[in-house]
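Open the model in your viewer and keep the sequence panel beside it. The stops below are given in the order in which to select them.

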Amino acid sequence: GGVKHQRPPTPAMVKRQIRRIGELGLKVNISELDVRVSKLPSDGEENNNIRALAQTQIYRDILSAALSEPSFDGIWLWGFTDRHTWVKNFYYDDAPLIFDENYIKKPSYDGIKDALKTLCPGGIVGEMSGGCKGQCFLRDDSDGEGKMWGSDWMQPEPKETADESNRNTTDSTKDGNPDWLQNE
């Protein structure tokens with residue numbers, strides 16, 4: 001699920017949430033993962049590249065963040081090919097999985113592979129190495145220069161209605177406490 005309106009959780013948010021659940025003595029699994037990108041702009045080849053970049057970065061960085069926590073136990077995708085995605089039947093036309101409709105690997109496949117490589121000897125769990133492009137934001141939502149995770153593809157949030165702006169929509173994972181321990 002996204003955070004607030006349409007944004008995916010950042011790797012740092014995923015890491016914090018897995019750690020919090022792990023501190024309760026529980027194992028954490030990510031299940032039914034897919035990454036929908038058709039709502040990103042598409043008016044040419046450049047924007048299709050933005051979609052591929054977004055999908056690859058989300059798969060890679062979310063899995064890298066999860067792998068960096070000892071209580072993480074597994075990941076399951078909601079299918080593997082866009083030919084048989086459930087999204088088309090329930091929502092809209094999209095390509096949320098790691099193989100296209102012709103069973104050809106998409107860049108997001110390599111994103112998952114890059115995240116898994118961090119578990120190899122000599123790898124630093126969750127950190128991209130061995131020539132992999134990109135940085136995974138495991139501790140903060142921005143790098144040392146202030147560049148936010150997803151800034152190459154993330155779209156501005158839609159304007160809030162008056163009803164939405166009156167609700168409490170803060171991200172409790174930044175506080176390090178479960179929602180039931182948050183101040184009202």
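Start with Trp78, Trp86, Phe90, Tyr91 and Tyr92, which ring pairs link into a cluster in this predicted model. The count of aromatic pairs comes to eight. Zoom in on Trp86 and Phe90: this pair is tilted, with 5.8 Å centre to centre and 55° between the planes. Then select Tyr91 and Tyr92, whose ring centres are 6.1 Å apart with the planes at 55°, so this pair is tilted too. Phe90 is exposed, with a relative accessible area of 62%, and Tyr92 is partly exposed at 24%.

Next, select the largest nonpolar core, a set of 28 residues. Which residues have the most contacts inside it? They are Tyr59, Phe72 and Trp153. Colour the elements that give two or more residues to this core: α1 (11-22), β1 (28-33), α2 (45-67) and α4 (107-117). The largest share, nine residues, comes from α2.

Stay with Phe72 and show what surrounds it. Apart from neighbours within four places in sequence, Phe72 is in contact with Ile18, Val28, Ile30, Leu63, Ala66 and Leu67.

Now select α1. This helix has 12 residues and reaches 16 Å from its first C-alpha to its last, close to the 16 Å expected at 1.5 Å a residue. The buried residues of α1 are Pro11, Ala12, Met13, Val14, Lys15, Ile18 and Arg20.

Is Glu69 buried or exposed? Glu69 is buried, because its relative accessible area is 5% and the cut-off for buried is under 20%. Draw a distance between the side chains of Glu69 and Lys15: a polar contact of 2.7 Å joins them. Leaving aside neighbours within four places in sequence, Glu69 is in contact with Lys15, Ile18 and Arg19.

Step back to Pro9, in the segment before α1. Pro9 is partly exposed, with a relative accessible area of 23%.

Finish by colouring the chain by pLDDT. The average is 79, and 68% of the residues score at least 70. Over residues 1-5 the pLDDT is below 50, although this stretch has 13 contacts in the model beyond near neighbours in sequence. Where pLDDT is low, the predicted coordinates should not be read in detail.

How values were computed:
Residues numbered from 1 in each chain as written. Predicted model: local features only at pLDDT ≥ 70, side-chain atom pairs only at ≥ 80, totals over all residues. Heavy atoms only, no water. Core = buried A, V, L, I, M, F, W, Y, C linked by side-chain atoms within 4.5 Å. Buried < 20%, exposed > 50% of the residue type's maximum accessible area, 1.4 Å probe, protein only. Helix = DSSP H or I, 4+ residues; strand = E, 2+ residues; numbered from the N terminus. Contact = heavy atoms within 4.5 Å. Expected span 1.5 Å × (residues − 1). Polar contact = N/O pair within 3.5 Å; in protein donor to acceptor, adjacent residues only side chain to side chain. pLDDT = per-residue confidence, 0-100. Phe/Tyr/Trp six-rings, centres within 6.5 Å; stacked < 30°, edge-to-face > 60°.
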